[in-house]
Structures are given as C-alpha cells and as structure tokens.
Amino acid sequence: MTTAPSPATPGFFAGLLDPANRADPYPLYDRMREHGPVRLGGGPVVVLTSYRDCAAVLRHPAAVVERRHASLPLGPTPTHDLAGERAAELTGTNSFLFRDAPDHTRLRRLVAKAFTPAVVRGMTPRITAIADGALDRAAERGRLDVVADLAYPLPITVICELLGVPLEDEPRLRQWSSMLARTLDPVSGKSTTGRPDPVELVRANNELHDYFEQLARERRRRPSDDLLSALIRAEESGDALTHEELIATCGLLLIAGHETTVNLIANATLALLGHRHHLAILRTAGAFAAPVIEETLRYDPPVQLVPRIARDPIALPGIEIAAGDMIVMLLAAANRDPEVFAEPGRFDPARENRHLAFGLGQHFCLGAPLARLEADIALTRFARRVREPRLDCERPPYREHVTLRGPAAIPLSYTGILPASGDS
Ligand code: HEM
C-alpha cells in the first residue's frame with residue numbers, strides 16, 4: 001500500500017467521474033481499494049476505499065462537514081452573481097447534513113420524531129396503496145419501466161405527503177431536485193464535462209428556495225398535520241430553528257427522501273432480474289425482501305460516496321490526513337472490501353451484512369427505516385404482481401449522477417400484471 005501520489009492516481013479520479021464507468025464502476029473501485037488511500041495529485045483531497053478506513057473516519061470526532069474547516073473552497077457554492085441570477089449560497093449547505101454539532105444535533109432532533117421505526121411502520125397501508133396504484137397504472141398502460149412507473153413515483157409521493165407538498169407540484173420539484181443532487185458529485189478542477197451549468201444550478205436552487213418559502217407562508221396561515229407545519233411550530237416557538245434552516249431542512253428531506261430510494265428500488269429490481277431464483281423466493285415468501293434490500297444496499301448502494309473535512313489531523317494506517325483536507329469515502333468500494341465480505345462481487349442475500357450504505361455515526365441516515373419500508377413494499381408488490389418480468393434491453397441506461405448513482409430507466413417485458421387483490 002502506498003500513499004504517495006503515483007502517476008496512476010489521477011486516472012482513478014477521472015475514472016470516477018467518467019460517465020462510461022457509471023453502469024459498472026466496481027472494477028475501478030476494486031483497483032482503487034487495492035492501491036490503498038489516494039491523495040489526489042499531492043493536494044488536499046484524500047480518497048478512502050477500504051471498509052476499515054471509511055468506518056474509522058465516519059466515526060472520527062475530527063471528521064466534520066462544515067465547509068469553513070476546509071483548506072480548499074469546496075464544490076459549487078455560487079456566492080457571486082451569475083448571469084444576472086440573484087446571489088445564492090446553495091440552500092442545501094444550510095441543512096443539517098452539512099452542519100456539525102451543536103447545530104446538527106439541534107436540527108436533527110427536531111426532525112427525528114417523524115422517522116422513528118414506529119411512526120414509519122404506521123405508513124405501511126398508505127405506502128402499499130401507492131405501490132399498488134403505480135402498478136395498476138402500468139397495467140392499464142400495458143408497459144412498465146420500473147424507474148418511471150414504480151421506483152420514482154413511490155418515494156416522491158411518500159415524501160411529498162409527509163412534508164405537505166402538493167403532488168401536482170412534483171414535475172417542478174423533480175427538475176430542481178435532480179439538478180441539486182448533482183451538487184453532491186465530486187468535481188475535478190480541470191474538466192467541466194458533465195457538470196451542471198452553474199447558472200442553471202443557481203436558478204434551481206433559488207426556485208426551490210422560493211417554492212418552500214411560499215408553501216411555508218401558506219402553512220403559517222393554514223396549518224396542517226404535515227411535517228412542514230410541525231417545523232413551523234418549532235420555528236415559531238422560539239430559537240429551535242431559523243427561517244433559513246426551515247427552508248433548508250425541507251430541501252434536504254425532499255431530495256434525500258426520494259433521490260436515494262428510487263435507486264434502491266431500481267438497483268434491487270435489477271439484482272433480482274439477474275438472480276431469478278431470488279425473485280421466485282420473494283414471490284412466495286414476503287419476509288425475504290429484507291435480506292434482498294440489505295444485500296442491494298451493500299452490493300449496489302444508492303449513495304456511492306460521502307465527504308468529510310478533517311478539522312484536526314487524522315492518522316490512518318498508511319496515510320496522514322492534515323487539518324483542512326477533504327476526505328472522500330467511497331462507501332460503494334468499502335461495501336465490496338474482501339477483508340470484510342467474502343466473495344464481495346457475489347449478490348448473496350443470505351450473508352451477514354454490515355454495509356455502510358446508510359453511513360455511520362452522527363450523520364447516519366435519518367430516513368433509513370422509511371427507505372427500507374418503501375423498498376420492502378415496492379419489491380414485494382412487484383414480485384407478486386408482475387409475471388415473468390424480463391429486462392427489455394441489454395443494459396439499462398444510467399443517470400449522470402456520480403454520488404446518487406442509479407439507472408435512468410428499466411424497461412421490462414412481462415406476461416401480465418395481476419390485479420392487487422389477486423396476487424397470491
Ligand atoms: C436507500 C435510501 C437511502 C440511502 C442509501 C441513504 C443514505 C444516506 C447516507 C449515506 C447518509 C449519510 C451522509 C453522510 O454521512 O454524509 C444519509 C443521511 C441522511 N439521510 Fe438518507 N438515505 C436514504 C434514504 C433517505 C430517506 C428516505 C430520507 C428521508 C425521508 C433520508 C434522509 C436523510 C437525512 C435527513 C440525512 C442527514 C442525516 C444527518 O446529517 O444527520 N434518507 N442518508
């Protein structure tokens with residue numbers, strides 16, 4: 001293992017960003033993990049790929065998220081006027097995903113009540129109805145693209161209803177959300193290929209911001225039993241959260257609440273189509289969805305990487321991380337580390353699974369119980385109702401997103417879609 005910049009390391013990063021690797025980045029990840037921790041071009045960005053290193057940093061008290069600790073200005077945070085657009089700090093950077101304690105603790109606590117396993121379990125009938133409704137519509141149309149017709153509509157409907165966002169606004173939200181999800185992608189200083197246009201990015205940010213401001217105004221006038229109204233009550237009751245934090249929290253929940261789960265449902269469906277005996281088991285044994293989901297989260301995780309900044313130096317075996325360094329943890333590579341998972345390239349729902357797909361430590365995914373339930377219901381309803389599904393193309397196309405990676409479409413052929421009541 002070496003930590004010195006080697007001629008091979010820039011190739012790793014370019015490979016990560018290269019859209020040609022999006023469908024199957026795993027051979028690249030294997031090579032990166034074999035190489036060991038990489039310091040890009042001798043600069044302040046370190047990439048970690050082993051399970052041990054990623055887990056250690058995720059739990060490390062000096063590994064923080066607030067940008068002010070970074071020695072480099074990070075990512076696209078347009079603070080200047082862009083082609084006449086109003087100046088903007090990206091709303092998301094105000095959300096608690098990018099805040100350290102004590103702000104992180106205060107904001108996360110306010111939202112956590114909506115995501116306890118008990119509250120989430122109570123959503124089962126509604127989520128089942130949404131999944132069945134999506135499959136009914138596909139049956140009527142006579143064609144099924146798993147992404148457009150099931151994996152996307154299910155989590156976006158659930159998070160809109162939870163937040164109190166009218167579903168008819170979904171087409172606008174979809175555009176803004178997809179664009180802003182790209183701000184989570186790593187960028188190479190040299191190339192602008194595949195990067196969203198900064199003017200478009202600022203516009204999407206401002207429009208989403210204005211949208212939630214308007215909705216918050218309406219809910220102030222006429223409160224409801226949704227999460228937005230609950231957050232407004234917290235805002236009004238004192239210093240629990242500021243107005244900007246309220247807007248940023250809505251943006252975070254909207255984006256995190258569906259851009260990820262879409263990919264989990266899509267990736268799990270692809271894995272099942274490629275391992276048909278598991279699909280057959282799922283059709284008859286409902287409880288089998290949980291291990292399929294955990295194995296998908298390991299084998300093909302919806303969130304491929306997460307960043308941190310070293311507030312103080314961090315020593316790992318084989319690399320010294322300096323204060324101010326940016327740390328990129330490739331969770332998708334750690335999840336296939338052969339030191340932790342036997343035959344990591346094999347899809348095996350029966351394995352013991354300690355994947356890192358939801359992160360670890362303080363920022364562990366708040367929506368994990370909801371994501372698991374949505375995926376469980378979607379896969380079970382799919383397996384029971386869709387007869388003899390087959391992929392209608394050799395390999396599905398992938399979205400450009402690096403961090404929130406997933407297929408753009410999964411067109412299927414099948415012999416029929418059973419009615420919801422006749423699926424057994
Ligand atoms: C399969 C689906 C999902 C995956 C793979 C996923 C993954 C993750 C990961 C890896 C993190 C940690 C980020 C970090 O450490 O920097 C995270 C955080 C978060 N996730 Fe998820 N997520 C999923 C679904 C959801 C859903 C459905 C929601 C909400 C409805 C949600 C809300 C959040 C929030 C609010 C955070 C920030 C937590 C914090 O900073 O304390 N996620 N998620």
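Visitor: How do the residues lining the second largest pocket divide into nonpolar, polar and charged?
Guide: This is a predicted model, so keep that in mind throughout. The lining of the second largest pocket has 9 nonpolar, 3 polar and 6 charged residues.

Visitor: How much space lies in the second largest pocket, and which residues are closest to its centre?
Guide: The second largest pocket holds about 390 Å³. Of the 18 residues that line this pocket, Leu270, Ala271, Tyr299, Asp300 and Tyr398 are the closest to its centre. Helix α12 (residues 243–274) gives the largest share of the lining, 5 residues.

Visitor: What makes the other space a cavity?
Guide: A cavity is a set of points where a 1.4 Å probe fits but cannot get out. The structure holds 1 cavity of 30 Å³ or more. About 30 Å³ of space lies in the largest cavity. Its lining is Leu16, Arg22, Pro25, Tyr29, Gln304, Val402 and Arg405. That lining divides into 4 nonpolar, 1 polar and 2 charged residues.

Visitor: Which residues of helix α2 are buried?
Guide: In helix α2 (residues 26–35), they are Tyr26, Leu28, Tyr29, Met32, Arg33 and His35. Tyr29 also lines the largest cavity. Just after α2, Gly36 has a positive phi of about 100°.

Visitor: Why is Cys160 called buried?
Guide: The cut-off is under 20% relative accessible area. Cys160 has 1%, so the label buried applies. Cys250 also has 1% relative accessibility, and therefore counts as buried.

Visitor: How many disulfides are there?
Guide: The count is 0. A pair of cysteine sulfur atoms has to lie within 2.5 Å to be called a disulfide.

Visitor: What makes Cys365 a donor to the iron atom of the ligand?
Guide: A donor atom must be N, O or S and lie within 2.8 Å of the metal. The SG of Cys365 is 2.3 Å from the iron, so Cys365 qualifies. Cys365 is the single donor from the protein. Cys365 sits in the loop between α15 (331–334) and α16 (368–385).

Visitor: Why are β4 and β10 at the edges of their sheet?
Guide: The open sheet has 3 strands in the order β4-β11-β10, with antiparallel pairing. β4 (144–145) and β10 (390–391) each have a single partner strand, so one side of each is left without a neighbour in the sheet.

Visitor: How do you know that β4 pairs with β11?
Guide: Pairing needs at least two bridges. 2 bridges join β4 to β11 (residues 411–413), so the two strands pair. They run antiparallel. Asp145 stands opposite Pro411 in β11.

Technical notes:
Residues numbered from 1 in each chain as written. Predicted model: local features only at pLDDT ≥ 70, side-chain atom pairs only at ≥ 80, totals over all residues. Heavy atoms only, no water. Helix = DSSP H or I, 4+ residues; strand = E, 2+ residues; numbered from the N terminus. Buried < 20%, exposed > 50% of the residue type's maximum accessible area, 1.4 Å probe, protein only. Donors = N, O, S within 2.8 Å, 3.2 Å for Na, K, Ca; no water. 1 Å grid on protein atoms, 1.4 Å probe; cavity = no way out; pocket = protein on both sides within 12 Å on 5 of 7 lines; lining within 4 Å. Points joined across faces, edges and corners; volume = space filled by probe spheres on them. Nonpolar A, V, L, I, M, F, W, Y, C, P; charged D, E, K, R; others polar.
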